[in-house]
Amino acid sequence: MSFLELSGLRKSYGPVGARVAAVDGVDLAVASGGRTAIVGPSGCGKTTLLRLIAGFERPDAGSIELDGTRLAGPDAFVPAYRRPIGLVAQDGALFPHLSIAANIGFGIARDAPDRQARIAELVRLVGLDEAFLQRRPHQLSGGQQQRVALARALARKPRLMLLDEPFSALDTGLRASMRKAVAGVLEAAGVTTILVTHDQAEALSFADQVAVMRAGSLIQAGTPRDLYLRPRNRMVAEFLGEAIILPARIEDGRAHCLLGVVPVDSTVRHEAAEILLRPEQIGLEAGAAAPAGGVDVVVTDSEFSGPTCTLSVRVANGAGEAGALVLRRAAAGAPEVGTSARLTVSGSAHLLD
Amino acid sequence: MQASADSTLIAASASSRQSAAPLRLSWIGLAAVLVTLLALIPLGFILWVTVQTGWETAAALIFRPRVGELLVNTLLLEVLAVPACAALSVALAWLTERSDLPGARLWAWLCVAPLAVPAFIHSYAWVTIVPGLNGLGAGVLVSVLAYFPFLYLPVSAALRRLDPALEDAAAALGHGPWSVFFRVVLPQLRLALCGGALLVGLHLLAEYGLFVFVRFDTFTTAIVDQFQSTFNGPAANMLAGVLIACCFALLALEMLARGDERYARVGSGAARRLVPASLGRATWPCLLLFALVTLLSLGVPFYTIARWLWAGGLQVWRLDEISAALGHTTVLALGGALLATLAAIPMAWLSIRAPGRLQRVLEGCNYMVGALPGVVVALALVTLTVRYLLPLYQTLATILVAYMLMFLPRAIISLRASIAQAPVELEQAAMNLGRKPLDALWSTTIRLSAPGAAAGMALVALGILNELTATQMLAPNGTRTLALAFWAYSGEIDYAAAAPYALIMVAASLPLTWLLYVQSKKMAGQ
């Protein structure tokens, strides 16, 4: 039994005749207490999906159920302010005319007896000092503003928390630590969370379920590991990380491709398929240390960029096929241009649709 | 505040440039100081006359029942008309900017259009339709109809700029639509409301023609009466002194109400588009409200003008008189606009390129002087020229200087906005290419700010076109502008003969009002 259930959700914008579907038939189930990331390129409809869940938009079709209660559907619509759902927006959306204390207390009834105590507790919960309470939003840094926004959203004890790219406005260094802190706070509070982001690394590290969205539809949903190693198609594969995609012939659980014969996670016979290898599966050894097996390559170009370098290699395999590959390697010990090396594949390839 | 943070930044970069171009800064600073000193003349003069009159005479002239009566009138007018304007403007602005009201763009324009009708023509229209209309009620009604666009413009611009993420955040925190409006939307309109309310309040203090028609006495009408009966006696000057005190009280009140809060968007990134609220069954009542406001603020004046023109037939179009009035008005409007814009250049440049203590003091002075009613400026210039510079009394030069003093803030504001958009790098590049500082300034920044200067000139010209009090008191003998001709005819209850002048003034103001409307859209980035 899932906690949040979206079925057949649809939402279009624009004038009649030129309507564009921003969300085009989305089905998604989120388990209680889980962290789900919805990831996709900008304009894929992920923010609209979030706004539908929050209740800022009314779906054209489909339904949203939270813990058995119907929030939106053909015959029901609960407006945003009556949904037990919190939201942290891209840049925090703190009220500029209110102090931090008033911002955090915005969702707490003004006559609640423990109001001050709860505000103080919340600000500590997100790792800020109580001295911040008297300040104004513009006196805080971006990361601090996001923490306040999180505290403000937690004040109402929401059952579901929506995070709309809350880390994208932060510096790269701060982003990872904020992600960890937010995940920790939400985990401790036991709140089911949905994160919307265009950053695949963020999605993979934050969530226990990742859903890849494109052009209004969810292409694939699953655990981060599953999605990374066994993406359904080329788009998902390339979106989630560097991918080496090769044409191959599949026979007896083996793929015959440019890099020789590689084990594959499918036993179906296939004459013209595409297989996926992640760069970390490919080994490249030059000179005497070259192991047996694999294929011979010649390095044709090398582009140095600090810790890594990008190598272009020309491959010629035993079957008489030839081609070129681009690989990123650790810069230390990478073969020079013009030298030959031996390329090996570890693990098995994944068959793409 | 963001503005002050920005200005310290600019100041820092300006001071680093000072060594490169000390000459330019001092010339322009000197010009700005001269303009400001000139602007301070009326204020200083009234104060000086008060001191010269002596405490006992002054007290006798100030603490008398007549002044108390005027004070009560003024207070009631402000207390009733300004909040009414504010409430009406917020409702209309929210409906045009944030709801799915049918024809919202058209209604928005119709909410600005009443500005094209000078206040005294509003009043003229109402008096001829409802002849018994007079007193406080009439004054408030016509004031609200004539001046609410001054509040509608900034409030609607502020509503367009509001970040919808804040309203979403409030809704996600469990606040219903009404609670969100009063706790999040309205507080953010505070600056726009304060600025607009100040503008309306100052106009109410300065307005003359409107209140004469509905026989409601304010300080301005009393000063003009006094001036017409006893010329520039101490009584008129003392009344002007009380009027100045009222203006400063309004300025102080606005500063208090404005506070020092920050209302700018916190954080980065572009704001999301606004989702219009659905009116549902309330659509028809809302449309009715707009129809009513349009009917009262535009329908009444246009109907009256049309009716009198119809009744007057062809013979009210005395073309020789009308063309003479057009000629006089054009000369005064263009001359005044040019002078005000030229005088505004140093101040506007200073406030963008070299902000600092001098600039703040000068700007504060100009701001205060800009708040003074035309009647005070005129009275001061009359007294000054009659006592010390008689050859200048009732000359073109004096009336143009009066216009410049009255409308300088309009010119500065327009110019400043466009100078701010001309990058300082261009000025530096021009100097780098061998132009002398002033030449570089002229060939880059001044050129680039031409649209802003033109807009400022248009606004000044609009002000002069509809100016009555100062023109009446200061213009050379025989001057007959459109406004003066209208005033003379309507004073003789020859409403039909006044109608062509009213029509021309409205027709000339409409394009300028359109410009205002477009500018406010641009300021909101649309």
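Helices (H or I, at least four residues) and strands (E, at least two) are DSSP runs, numbered from the N terminus. The model on display is predicted: local features need pLDDT of at least 70 and side-chain atom pairs count only at pLDDT 80 or more, while totals for chains, interfaces and linings use all residues. Residues are numbered from 1 along each chain as its sequence is written, and chains are lettered from A and ligands numbered from 1 in the order in which they are written.

**First stop: a loop of chain B**

Select Arg215(B), which sits in the loop between helix H11 (209–213) and helix H12 (219–230) of chain B. Its phi is positive, about 50 degrees, although Arg215(B) is not a glycine. Most residues other than glycine have a negative phi. Arg215(B) is partly exposed because it has 13 C-beta neighbours inside 10 Å.

**Second stop: a loop of chain A**

Next, select Ala215(A), found in the loop between strand E10 (209–214) and strand E11 (217–222) of chain A. Ala215(A) is not a glycine, yet has a positive phi of about 50 degrees. With 15 other C-beta atoms within 10 Å, Ala215(A) is partly exposed.

**Third stop: where the chains meet**

Now display both chains. Here 27 residues of chain A are in contact (C-beta atoms, placed from the backbone, within 7 Å) with 23 residues of chain B. On the side of chain A that touches chain B, the elements that give two or more residues are strand E7 (85–88) and helix H4 (142–154) of chain A. The largest share of this side, four residues, comes from H4(A).

Note on methods:
Two residues are in contact if their C-beta atoms, placed from the backbone, lie within 7 Å. A residue is buried if 20 or more other C-beta atoms lie within 10 Å of its own, exposed if 12 or fewer, and partly exposed in between; C-beta atoms are placed from the backbone.
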